[in-house]
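Good morning, and thank you for coming.

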Protein chains: 2
Amino acid sequence: MKPTNTLVSPLLTDFYQLTMAYAYWKSGRHEVPAVFDLFFRKNPFGGEFTVFAGLEEVLRFLSSFHFDVEQIEYLRGVMPGCEEGFWDWLGSIDCSAISVQAVPEGTIVFPRIPLLIVEGPLAIAQLLETTLLTLVNYPSLVATNAARFRIAAGRDKRLLEFGLRRAQGPDGGLSASRYCYIGGFDATSNVLAGRLFGIPVAGTQAHAFVSSFTSLNDLRETTLVDARGKRRDFLGLAQEYRHALGYRQSNEGELAAFIAYAQAFPRGFLALVDTYDTLKSGVPNFLAVALALAECGYQPVGIRLDSGDLAFLSREARRMFRAVSERYRVDFERLTIAASNDLNEQTLLSLNQQGHEIDVFGIGTHLVTCQAQPALGCVYKLVEIDGQPRIKLSQDMDKMTIPGRKEAYRLIGASGNPVVDLLIQAGEEKPRPGQRVLCRHPFDEAKRAYVTPTAIVPLHRPVWRGRPVPQPSLNEIRAYVLEQLASMRQDHLRSLNPSPYKVSVSEKLYGFVHSLWMSEAPIAEIE
Amino acid sequence: MKPTNTLVSPLLTDFYQLTMAYAYWKSGRHEVPAVFDLFFRKNPFGGEFTVFAGLEEVLRFLSSFHFDVEQIEYLRGVMPGCEEGFWDWLGSIDCSAISVQAVPEGTIVFPRIPLLIVEGPLAIAQLLETTLLTLVNYPSLVATNAARFRIAAGRDKRLLEFGLRRAQGPDGGLSASRYCYIGGFDATSNVLAGRLFGIPVAGTQAHAFVSSFTSLNDLRETTLVDARGKRRDFLGLAQEYRHALGYRQSNEGELAAFIAYAQAFPRGFLALVDTYDTLKSGVPNFLAVALALAECGYQPVGIRLDSGDLAFLSREARRMFRAVSERYRVDFERLTIAASNDLNEQTLLSLNQQGHEIDVFGIGTHLVTCQAQPALGCVYKLVEIDGQPRIKLSQDMDKMTIPGRKEAYRLIGASGNPVVDLLIQAGEEKPRPGQRVLCRHPFDEAKRAYVTPTAIVPLHRPVWRGRPVPQPSLNEIRAYVLEQLASMRQDHLRSLNPSPYKVSVSEKLYGFVHSLWMSEAPIAEIE
């Protein structure tokens with residue numbers, strides 16, 4: 001199991017991981033057992049949920065973690081003066097002494113719940129930090145963004161990811177395609193994502209295709225073999241329909257382009273209709289060619305709108321489709337109307353309010369750049385060393401860590417929805433269905449509640465025990481995300497003022513955190 | 001010459017490029033000569049300049065452009081029904097029939113100036129679109145962002161890029177490191193960027209290192225061999241200084257961590273001082289260890305602040321350094337103060353206003369995600385086909401393209417600064433030094449000006465003529481960026497209300513654009 005991107009190697013890390021590794025080694029502490037939690041503190045996009053993604057690549061990275069001779073040569077050059085024994089040690093390590101627990105990929109997660117719990121020799125677990133963060137942060141961020149677009153668009157719309165050209169380079173784009181699919185998109189324009197991950201690919205034509213034809217004279221081939229095998233005067237048919245429909249203003253180059261495209265894909269004719277004028281030229285030309293296709297026994301697919309007032313244009317286009325359906329007794333009423341053009345979550349919500357006839361949304365820039373919040377702030381914190389719990393103190397309560405090894409459970413309420421995630425100390429008595437449990441806010445003394453769960457879902461599973469535990473497929477993960485989105489209380493998921501989902505600690509863990517905090521935090525002396 | 005990222009291949013594209021290619025092929029137009037311009041319409045970040053980057057990877061991509069058997073197999077599956085001849089053609093193409101002109105990598109560029117001009121057979125030039133956009137958009141965006149941070153920080157500060165964990169996955173991070181260096185950063189934390197591109201790497205320790213030590217008992221080694229080869233009681237020395245300085249509140253685990261780090265890197269001791277309390281614990285512990293080091297003949301490096309009021313803390317730390325310098329006659333006054341923690345361009349400007357003592361800035365999230373504008377909107381537009389100029393019409397004047405093959409010149413004014421970029425038609429008489437030239441706004445009739453340039457810089461150079469033209473090194477490109485930043489009028493570069501730099505067209509090109517526009521744009525009929 002190798003990383004999808006060959007650039008993923010132990011060198012894909014921050015330099016300080018290596019200087020720290022040397023300092024650990026030099027002080028003889030590199031093999032002290034340590035536990036790190038990887039988690040985030042705040043849901044992105046002003047929302048109240050996050051979709052965890054990136055786990056498969058994490059396991060691929062752990063599988064291949066090893067410094068080769070050439071990498072060590074480079075490191076010697078940038079870390080002069082380190083003792084020989086360190087390089088021997090560095091060349092010898094892998095992840096066989098590491099164990100990792102994780103929430104399953106695609107799980108809807110909340111702040112402070114460890115997404116990964118990494119245990120093993122201090123220096124090795126430390127060396128993994130940056131790469132793990134890189135492999136989890138963006139995938140989880142963009143999967144969450146995709147899920148938000150899915151919620152905004154509704155379950156019955158088709159969502160296409162078109163972001164490759166606006167992502168952070170080649171595998172920014174590739175990650176976007178993969179994790180947007182997990183988050184609930186239906187297809188991508190990214191062909192490489194199709195080939196590597198089996199994601200359905202989608203797309204038809206760009207403006208350049210339409211404008212590359214200047215007149216009907218550009219058509220070297222004017223016929224089309226119809227569905228019954230008979231060669232027909234396709235250009236003539238299209239022109240007749242155009243004339244019959246009274247479309248005099250439609251652009252001739254555009255008509256030529258549509259004819260050429262329909263000749264190439266008689267069963268996949270979807271036309272980009274806004275190159276000249278959507279309602280005066282694009283839709284009329286589309287309908288002329290679509291009717292010619294229908295006469296040849298092929299069902300056209302539809303149109304794509306890429307500018308203008310998408311709600312209005314989609315309604316007008318649907319109206320024109322209906323009119324032609326009635327006049328020619330063809331089945332054009334339900335033709336696909338796809339829309340693209342700088343769509344974001346808010347535009348989708350606004351389109352819903354206005355009423356629209358769009359079936360398919362193609363979304364690029366705002367989806368992949370996560371404009372509303374372009375980074376998820378996952379952190380990787382030491383919570384235990386040599387059996388001793390460690391706490392990261394901070395004047396800012398929100399930035400404190402919850403020390404020690406922990407377990408996490410999702411408590412299901414009477415309605416069947418998840419109601420709270422509960423962190424307990426490792427080894428503490430687990431919550432049980434039907435048994436009332438006191439759930440406390442980790443830092444705020446005043447916030448506490450009893451919950452009597454109807455069911456309990458343990459959140460962590462072992463995913464690495466010196467070797468990877470097999471994981472579900474991309475399609476299984478995607479289905480899991482969609483299923484959870486349906487089973488959550490919808491007020492946690494909505495865009496406007498969502499209600500926070502509760503993440504609590506047990507009474508015992510609460511007491512433990514606070515006694516450790518009291519013993520470690522210095523009391524300021526006011527001078 | 002292969003792409004740095006092995007994922008870069010002709011499949012790293014939008015699916016519609018392939019459906020269009022088939023439609024071009026099917027209509028016999030795939031080899032018609034075409035010209036495409038790659039350009040952007042608006043400078044990012046509310047600014048008035050952009051740094052062009054990504055060219056070397058563009059050339060690597062063109063060099064390796066070829067569909068292999070396995071890729072074609074995949075495409076057959078997703079494009080059923082395409083004729084055999086198309087797959088033969090697709091398997092046979094490369095970029096030997098393509099020629100590309102470009103502005104040199106690192107050039108400061110402005111809207112509408114083509115960054116790349118791609119000429120060649122229509123279908124091949126079209127197939128390049130998405131990958132070229134992906135390879136130019138983010139690199140140029142992040143290089144521009146880096147240049148803005150450089151301007152905000154000033155020339156004498158050291159800037160470190162720390163963004164790997166917050167970038168869009170592995171090579172989002174790698175691109176960020178590479179192009180931030182081009183834009184004027186001094187080093188990166190990304191070790192892989194160091195190894196692949198020779199960028200200096202930087203970093204020392206994280207909070208986990210500091211908190212992994214709980215007490216002085218964790219130090220298995222308490223001595224240090226001094227600069228003259230004598231073994232000294234290093235722990236004892238540090239404790240003596242701590243005592244002498246009256247630092248009673250400093251955290252003992254932190255002191256142990258600093259001692260361990262100094263033992264590992266006696267010549268590279270830079271300490272992260274905010275784990276417990278910057279002024280009560282971190283700086284005192286640092287100074288105790290720094291004095292012990294100095295006594296052993298090693299000069300310490302400095303501290304890193306990662307939270308709190310950076311301006312205040314840096315001034316206080318400097319004050320403490322001075323006090324110790326005077327008391328012990330050591331050279332600590334100019335010790336490095338590095339700062340990190342969610343810095344952005346505005347924070348840097350605000351720190352400058354407050355007055356601070358920071359020498360080095362470590363910048364991550366806001367730099368690599370380009371939070372203020374996470375995508376640069378480069379587009380790739382057909383401007384000529386079969387010798388005929390093509391214009392992309394739009395109700396929005398700003399979205400119109402400038403048709404035909406063009407040349408671009410930078411006109412230098414009397415002061416020696418660039419004053420205007422001028423686009424002319426290919427073959428038109430070039431502007432000459434000392435000769436007055438009329439510069440017109442491409443779309444706004446009212447905006448025109450005479451310029452008498454003192455010098456002329458042609459902006460485009462051939463970079464690909466069926467094979468790559470050798471390009472400058474990363475360090476040469478970086479120097480070129482910094483040199484241009486110094487030679488531009490500073491009001492174009494400033495953060496607040498920068499003045500736009502003029503991009504004009506010649507009288508002849510103006511007339512040509514507008515006559516083509518009049519002839520192609522339909523006149524609406526008001527009904």
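**Charged pairs, symmetry and helix packing**

At 3% relative accessibility, A:R29 counts as buried, where buried means under 20% relative accessible area, exposed over 50% and partly exposed in between, with a 1.4 Å probe and protein chains only. The model is a predicted one: local features need pLDDT of at least 70, side-chain atom pairs count only at pLDDT 80 or more, and totals for chains, interfaces and linings use all residues. Residues are numbered from 1 along each chain as its sequence is written, chains are lettered from A and ligands numbered from 1 in the order in which they are written, and side-chain values use heavy atoms, with hydrogens and water left out.

Which residue does A:R29 pair with in a salt bridge? The partner is B:D218, and the closest N and O atoms are 3.5 Å apart. A salt bridge here is a side-chain nitrogen of Lys or Arg within 4 Å of a carboxyl oxygen of Asp or Glu. A:R29 lies in the loop between α1 and β1 of chain A, and B:D218 in the loop between α9 and β8 of chain B, so the pair joins two chains. Helices (H or I, at least four residues) and strands (E, at least two) are DSSP runs, numbered from the N terminus. B:D218, at 16% relative accessibility, is buried too.

Over all chains, the search finds 64 salt bridges. Within chain B, B:D186 and B:R150 form one with an N to O distance of 2.8 Å. This pair links distant parts of the chain, 36 residues apart: B:D186 is in the loop between α7 and β7, and B:R150 is in helix α6. Both residues are buried.

Let me turn to the two chains. A rotation of 180 degrees, with 0.0 Å of shift along its axis, superposes chain A on chain B with an RMSD of 0.0 Å, by least squares on the C-alpha atoms of residues with pLDDT of at least 70 in both. That is the relation of a two-fold axis.

Finally, helix packing. Helices α11 (residues 252-264) and α12 (residues 278-295) of chain B pack at an angle of about 35 degrees, their axes 9 Å apart. Axes are lines fitted to C-alpha atoms over the stretch in contact, and angles run from 0 to 180 degrees between N-to-C directions. Residues in this contact (heavy atoms within 4.5 Å) include B:F258 and B:I259 of α11(B) and B:F286 and B:V289 of α12(B).
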